[in-house]
Amino acid sequence: MTPPRNHEPALEQIEAGPALLPMPAIRAARIACVYALLAVTLIAGVELLPAAEALRHHLSTLLAGATSVFLFVLLRREPAKAHPAPAAISLPLHGDVSGAECETRFREVLDTVQHVQYRFNPEHECYDYISPRAEAWLGTSIETLCAPGGWQHFSQRISSEELGRIWARIGEALKTPGCDPVEISFEYQLDSDCSGPIWIRDQATLLRRPDGSLKAVVGAAFDQTAERTARENLRVTLRSMGEAVIATDEQSRITLMNPVAEALTGWNEDEARGQHLGAHFHIIDEETGEALECPAARALRERHKGTASKPTLLVDRGGMRRPITHSCAPIMLAPHEQPLGTVMVFRDQTEERRDHQAVTSQQARYRALVENSPVGIFHYTSDLLISYCNSRLAEIIRSTPEQLAGMDLHSLGDEAILSILQQALLGQRGAYDGPFVSPLGLDDVHILSIRVAPDYDAAGKVCGGIGIVEDRTAYLEAEAQLRDSKERYVLAQRGTNEGLWDWDPTTRYLYLSSRLLSLLGLDSDTLRTTGDEWLKLIHPDDRAHYRADVIAHLRGETDHFESEYRVADKDGKFHWVLARGLAHRNQQGRAVRIVGSIGDITARKRAEEQLKAERDFSHGLIEGLPAPFFLFDQRGRLVLWNRFVSELTGLPDAQLLNAEAESLVIPEQEPVMAHRIESALLTGEASAEVMLRRNDKEPVPFLVVGRRVILDGKPHIVGVGTDLTERKFAERAIKRLNTELERRVAERTSQLSAALNELESFSYSVSHDLRAPLRAIEGYSAILGSDYGDKLDDEAKELLRRVRAAVHRMGQLIDDLLTLSRVSRKELERRPVDLTLLAQVICEELRQQDPEREVRVDIAPHLQVEGDPSLMRTVLENLLGNAWKFTGRVEHPAIRFEATRHEGVDAFVIRDNGAGFDMRYRENLFRPFQRLHSDREFPGTGIGLATVARIVRRHGGEVWAEGEVGQGASLYFSIGQTAALQNGN
């Protein structure tokens, strides 16, 4: 309905007349007719669905866009006239339906649609077509709106500010590159004569020429007044609620947060909207301090309302904790099977606990007072059938709401009452004051005041009546008034733990409820006494301030009456009570009645006295500490200290109060102290070694340990200092000793390096000097055996063989010793080693050296470790070689290499079923030259396992063995890297 600022050439118009359209236009018209009929049907059907506001909104948006496209197709087929007349659409069809009849049907469909369809001509500032409903909105005829300049009647109904914003929006849309249609939407307020201001949501399509300029505007306008009113009512309702409310979507993201929830959580709605509920709503178990599950997640999972089953604390944005009760329910809406979100309601219980009052009891009392209102309300239909009544009406006529629902009012049989009821159905108000006899068979008579008024439907027709009923019997009979008043108080106090009282300052009569009487030890429903008698029950020490509080409220000096005092029960035992009340005043401002409640606060008073005693004890304990004690607030200001601090610093209390924490230490350490305070607030604990300032004296070193505590709902830091003067002296002494020790270690290291160099020289000498004579002996013995073998007898040959065997063994022993020495000196080069592949290679070499043996070897896959590759090969060569050697006399030899866990240690093991060993001598296995078998049984030098032990220990591991004679052996080794062990399982 809204044009841009600039004018464009005239748009194509649809002329009225009998001329037939081309075939494409006819097909488009048929489709448009079918579409319009379906649209009206859908809109009418959705309107009948309950709780379908969101569905109606999305459907209307979809239909508006589709309708705009159809109008664009239909209205662009004929050239525009210089002076467009009110749009008339001719849609002739083939067959029995004429073009005029089709046009009539199509216009009936468009006239039925509740929103306004239009096509705007910017050249003539008028509408080529606009729905008849625009007449009701603008108060102008369709002919005037479609005449040149007719758009001005629309522009006069909208503010210049709104119009400027719409022009700017259209101007931005026209900047889109190309000449394709551009869809835009906007909302504005329209001043309508028929219903006052209405809110319009306009869905428009901008049609452009090939050069991108505006050709026409086709769109649909919807009345959004009801929707905006509903949103505003929802906002007002949420802001008026006394409890905190948070709503989430199906992913537990916050969609709504009322002001009470903002105040309790510390987050405002704009910050929290779209965030997960758990990020802004932290709750913990009050007893254990453990974090509790997000209520929204539980409600979405279990699909039913959940209520807190244990005391819960809410941790707000600033870290403050407060007790709350909360409940959360999923939002279920047919036909959706999954929840669309959750609604959570929670309430602060701090004030309730502080005053020892249950908030739920107070709410129950208020609900009882409202439910038992002295006014009965009912609604009846045009057939004089009761469609609704409240509980007070049922109480007045001694019935129940269920019995009254659907009751035919003709059964009253009272023509005077029936006449005013029928008078309301004729559109007139009516009133009746007089006796009433219940049609339910009861004999009691009531004096009722009945006021009725007509009830109108949406079309403005009378559809029923509304009535208000007051029981006037109580005003005519004083005794009945007292009885009704007593019943109201009894009902009100059923849902509360407090006693109720009602005092008339004129007559000085005082009414006490049964709950209050039970507090005094009296067994009665109610008691009527005087204020003077009540004053006698108050403790003599409390009477003066009690009378002062009452008089101050009667004079209007206080908004409400509130006083704490002691009152005696029937046994003379005093109870602490908290009395509250509110005066009802006449037009002159004089108090004519005071109604209030009294609650027993004896337990709270005892707790306060105990708390005071504990505080006195804590204060004495803190003052007597032989060390400085500090209490800082959350801004790092000193709020409490002991006498030791005053004496140590030499500062007066006035200067220490609210002193910054960093001001208590020397200037160089002020940033450290400030940082430690922040750390303690964040992590809960921090410590610092600082030099405390002293007035006109040298600073003293102290170790200050601080811990975060919650006092009065706010974080504080408690700090205790330890004098480090003696420790500093000891540290300086230790530092001198460490310097001396480092010097000695350096000397010993130098000596050890020299010894290692000598050992290396000795190893080289052994390798070189001992091998020369061995080679000579080996050579000469070989010559003797080859050249003089035929001249030697058998004994000489055996001696010669033994000489050569001893030479060979001596050479092997030298090689093993050199290997052991090299293992100790070699620098470790750690990198990943595939032990499985390495073991397979070594076993293959053993098979090549002894091809006649058949040994079953089982090597686990994926055995890996971080170590020196060459040294790890030496380890496996010795261990697998030993297993191969000691299974030489077994009928079915078997060797197994795998990873295992032995006595809590991850390790590798090589098992065999060979000769085994005696466990009593297992410690000798890893010592050089210690052998458990003779050379005749199994050859060897006794160096191999000692070499294995040295390599493993250099890798940070351990090596050990298990075995049994004749049953085989298991040799274990670990490399000190449990995470690297993999056994392929």
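The largest nonpolar core in this predicted model has 39 residues. Leu 835, Leu 876, Leu 880, Phe 897 and Phe 973 are the ones with the most contacts inside that core. Two of its contributors, helix 29 and helix 30, also pack against each other, so we'll look at that pair as well, since the angle and distance between axes are how two packed helices are described.

**The main core**

- Seven elements each put at least two residues into this core: helix 29, helix 30, strand 32 (894-902), strand 33 (905-912), helix 31 (944-954), strand 34 (959-964) and strand 35 (968-973).
- Helix 30 hands over the largest share, with eight residues.
- Leave aside residues up to four places away in sequence, and Phe 973 touches Met 872, Leu 876, Leu 879, Phe 897, Ala 907, Phe 908, Val 952, Glu 958 and Val 959.
- There's also a second, separate core, this one of 32 residues, and Ile 130, Cys 146, Ile 198 and Ala 204 are among them.

**Helix 29 against helix 30**

- Helix 29 spans residues 835-849 and helix 30 spans residues 869-886; the two pack at an angle of about 45 degrees, and their axes sit 10 Å apart.
- That angle makes helix 29 oblique to helix 30.
- As for handedness, the crossing of these two helices is right-handed.
- On the helix 29 side, the contact is made by Leu 835, Leu 838, Ala 839, Val 841, Ile 842, Cys 843, Glu 845, Leu 846 and Arg 847.
- Helix 30 answers with Met 872, Arg 873, Leu 876, Glu 877, Leu 880, Gly 881 and Trp 884.
- Sort the residues of this contact by type and you get 11 nonpolar, one polar and four charged.
- Leu 835, Leu 876 and Leu 880 turn up in this contact and are also among the residues with the most contacts inside the largest core.

**A buried histidine**

- His 553 belongs to helix 22 (residues 543-554).
- With a relative accessible area of 2%, His 553 is buried, because anything under 20% counts as such.
- Not counting residues up to four places away in sequence, His 553 touches Thr 558, Asp 559, His 560, Phe 561, Gly 581, Leu 582, Ala 583, Arg 585 and Ile 594.

**The chain as a whole**

- The protein chain holds 31 helices and 35 strands.
- It has 985 residues, and 40% of them count as buried.
- Among contacts in the chain with a separation of 6 or more, 55% are between residues 24 or more positions apart.

Definitions and conventions:
Residues are numbered from 1 along each chain as its sequence is written. This is a predicted model: local features need pLDDT of at least 70, side-chain atom pairs count only at pLDDT 80 or more; totals for chains, interfaces and linings use all residues. Side-chain values use heavy atoms; hydrogens and water are left out. Axes are lines fitted to C-alpha atoms, for helices over the stretch in contact, and angles run from 0 to 180 degrees between N-to-C directions. Helices (H or I, at least four residues) and strands (E, at least two) are DSSP runs, numbered from the N terminus. Angles under 35 degrees count as roughly parallel, over 145 as roughly antiparallel, 65 to 115 as roughly perpendicular and the rest as oblique. A crossing is left-handed if the near helix is turned anticlockwise from the far one by less than a right angle, and right-handed if clockwise. Contact means heavy atoms within 4.5 Å. Ala, Val, Leu, Ile, Met, Phe, Trp, Tyr, Cys and Pro count as nonpolar, Asp, Glu, Lys and Arg as charged, and the others, Gly among them, as polar. A nonpolar core is a set of buried Ala, Val, Leu, Ile, Met, Phe, Trp, Tyr and Cys residues joined through side-chain atoms within 4.5 Å. Buried means under 20% relative accessible area, exposed over 50%, partly exposed in between (1.4 Å probe, protein chains only).
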